[in-house]
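Reader: Could you take me through this structure slowly, and tell me what each term rests on before you use it?

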4 protein chains.
Amino acid sequence: MGLLKRFSQGELGLNRVEAFSDGVFAIVVTLLVLELRVPVLHDRGSVGELGHQLVDLVPKFLSWLISFIIVCKFWLNHHHLLGFARHATYGMVWLNSIFLMFQSFIPFPTALMGEYPMNPLAVSLFGVVMAVNTLLFIALQSYILRNLIKPELLGTQVPHLTRKSFVGVISYLLGVAATLFNVHIAVVLYALTPLFFITPPQAKNN
Amino acid sequence: MGLLKRFSQGELGLNRVEAFSDGVFAIVVTLLVLELRVPVLHDRGSVGELGHQLVDLVPKFLSWLISFIIVCKFWLNHHHLLGFARHATYGMVWLNSIFLMFQSFIPFPTALMGEYPMNPLAVSLFGVVMAVNTLLFIALQSYILRNLIKPELLGTQVPHLTRKSFVGVISYLLGVAATLFNVHIAVVLYALTPLFFITPPQAKNN
Amino acid sequence: MGLLKRFSQGELGLNRVEAFSDGVFAIVVTLLVLELRVPVLHDRGSVGELGHQLVDLVPKFLSWLISFIIVCKFWLNHHHLLGFARHATYGMVWLNSIFLMFQSFIPFPTALMGEYPMNPLAVSLFGVVMAVNTLLFIALQSYILRNLIKPELLGTQVPHLTRKSFVGVISYLLGVAATLFNVHIAVVLYALTPLFFITPPQAKNN
Amino acid sequence: MGLLKRFSQGELGLNRVEAFSDGVFAIVVTLLVLELRVPVLHDRGSVGELGHQLVDLVPKFLSWLISFIIVCKFWLNHHHLLGFARHATYGMVWLNSIFLMFQSFIPFPTALMGEYPMNPLAVSLFGVVMAVNTLLFIALQSYILRNLIKPELLGTQVPHLTRKSFVGVISYLLGVAATLFNVHIAVVLYALTPLFFITPPQAKNN
């Protein structure tokens, strides 16, 4: 039975897991722009009216920008992480699916924060969703590093990877806490967090 | 003619069938979130009003969650199944296309059940669509197992695979029947059904 | 210069052309369902009212079904055709892009015919768009068969392929003409046309 | 550390960067059609009323057409460019992500120009976004040509490539300037610009 199980797990190639994940990342990132609706103008030719309407869209542009960078960061780290795995297993595929579920949820809090940028609940929901996404990525990461790591990479990678990721969770949750005082601080924290992760964490060198 | 036909069928690589299918799965799963619309608030900064509106969205969140898990399950089993096939044929591609057609239909009953969670017809339509999807997957499965299975895998896989799948059909139809009495029981059944299939059925060991 | 040009053209692998095309096909096919909007009910729990509303959606379901089958047919024939090509060139990529442009246009006439199934202009536009798509596919086909065919396949394939495709164009245009008398005949013709092409045309055997 | 860094960068295969990019390109190009909304008719069966409504949609069709060609051109040049790279690095992935961010933004100015074709601000925004996209592509291009070019291609490609790209930027900005006098000239310039780039720039021959 153990043998059969292993065979069955080995049957799952990484390529379709990557293709499905890349599809979801690409769609999430592209759907974000759908929240930028064409404004309704009374004077259709008026430059001034359209200018004012576009200025009113600034919170939505910002919300879109922050989410885009965050999802790209998750995609890059996902790409980096799957490079460590020797194959896929059902456990890994399900952790990946739940992670992708919360990735695909991102357009909702993005739209909510873009529409109600001064509403503390709307702004804090954004941070909570990003913190949950980061936690799910950490779960996927530790599963892969514990069970699926390529033999030649064993040992050096594990500790550093996990620790830096929690910085992301804490940073998003600080943003959530900041909404109690000032929503702008929260948005700044959300925008800064992915910048700490623009390169995936490096392995320790000693 | 027989020879030409075989050649022509052999021309169809599995890779583009997988790429097209992965694309459809990824888009279906990501479009589901578009039904979660940003609520309209009278007091744009009110935490309480937004909170109430988000609570009203709970049936839509649940509907989205159940569909997401179900589509991921279909994707995983599809991935597993195509691992058995040695190549694609026109028959297989058309069965696959009809299956994908009903997969791509899933956002509609999901949105309907999310909008009208107490309407027995809305809830039962969800179950009917999932039962039809499962039947179409079984059709694809038995076609592949009968005609396209890799020679080295012949014999052990066939019976067990088909039997367990019908459990899914029956479970969804029990949910449909339950809507006559209580829609909540139906939703619970829909949510539980994919959990029986989080790992694809294993081959018999003797 | 001739040498450099050939080198530059040889640089274009078929894999990304296929990936881009598969992405467009998969998205077109999945976006079609977005036209099936959740009906607005006055009595949210009423089975009868929802039932009536779903019956009113039947033209949209039919329109969706016909388009889905047609796009899958184009995808299958595209997959088959690219199997003949030894590589991609700029000419081929642009013909492919224009073909994909009209493929991605399909959701519009589909939605129009679904919304106004008794309007002769709406129904005839659907046929015109499908005829144009078929013509563009024929253009792509004859370009590939003339310029890019794998040396080992030369000779046998060319004539038969092109001739059968024109049957599709004529059939869609007959549907367009039928809208002058009876829109139902047009819809039946649209539904039947792809059934002639569920397998790509075979090479002549002598 | 230098060694480790190089290893870490070598870990990033080009295939997922291409898959993610192709996904974004394919979705952008297909989402463009969603702006073509089914018109509302008072007399649902009237050919004349639908005809008038479709004529009113002509600016949206044109806007869609121009954007489609432009995005296909970017895709083709992206495909061509990545053929020069020996692998991906974090710097390249982030430049690519920012480029894709502005690609995914294209549906918004396209919809705006389609809705308000006589509004100088709407028309000029379209040109600005295309100029920014071209500049970001140039940045990606010079990064790859400077740091990641395959050793066997070194030398001949670099100068010609960059110079021709700036023609695109200038052409889009001329269109933006033209909106001060006449929006039609701007639209014509936007439509003509991608036609200069239907084949990626060739390397110098001496």
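Author: Let us begin with contact: two residues are in contact if their C-beta atoms, placed from the backbone, lie within 7 Å. This is a predicted model, in which local features need pLDDT of at least 70 and side-chain atom pairs count only at pLDDT 80 or more, while totals for chains, interfaces and linings use all residues. Residues are numbered from 1 along each chain as its sequence is written, and chains are lettered from A in the order in which they are written.

Reader: How many residues of chain B are in contact with chain A?

Author: By that definition, 30 residues of chain B are in contact with 31 residues of chain A. On the side of chain B that touches chain A, α2(B) gives the most, with nine residues; helices here are DSSP runs (H or I, at least four residues), numbered from the N terminus.

Reader: What makes α2(B) and α5(B) roughly parallel?

Author: Angles run from 0 to 180 degrees between N-to-C directions, along axes fitted to C-alpha atoms over the stretch in contact, and those under 35 degrees count as roughly parallel. Helix α2 (residues 14–31) of chain B and helix α5 (residues 90–105) of chain B pack at an angle of about 10 degrees, with their axes 10 Å apart, and they are therefore roughly parallel to each other.

Reader: Which residues of α2(B) meet α5(B)?

Author: Val17(B), Ser21(B), Val24(B), Phe25(B) and Val28(B) in α2(B) do so, and their partners in α5(B) include Val93(B) and Leu100(B).

Reader: Which elements of chain C give two or more residues to the side that touches chain B?

Author: The contact takes 30 residues from chain C and 31 residues from chain B, and the elements in question are α2 (14–31), α3 (47–56) and α4 (58–82) of chain C.

Definitions and conventions:
Angles under 35 degrees count as roughly parallel, over 145 as roughly antiparallel, 65 to 115 as roughly perpendicular and the rest as oblique.
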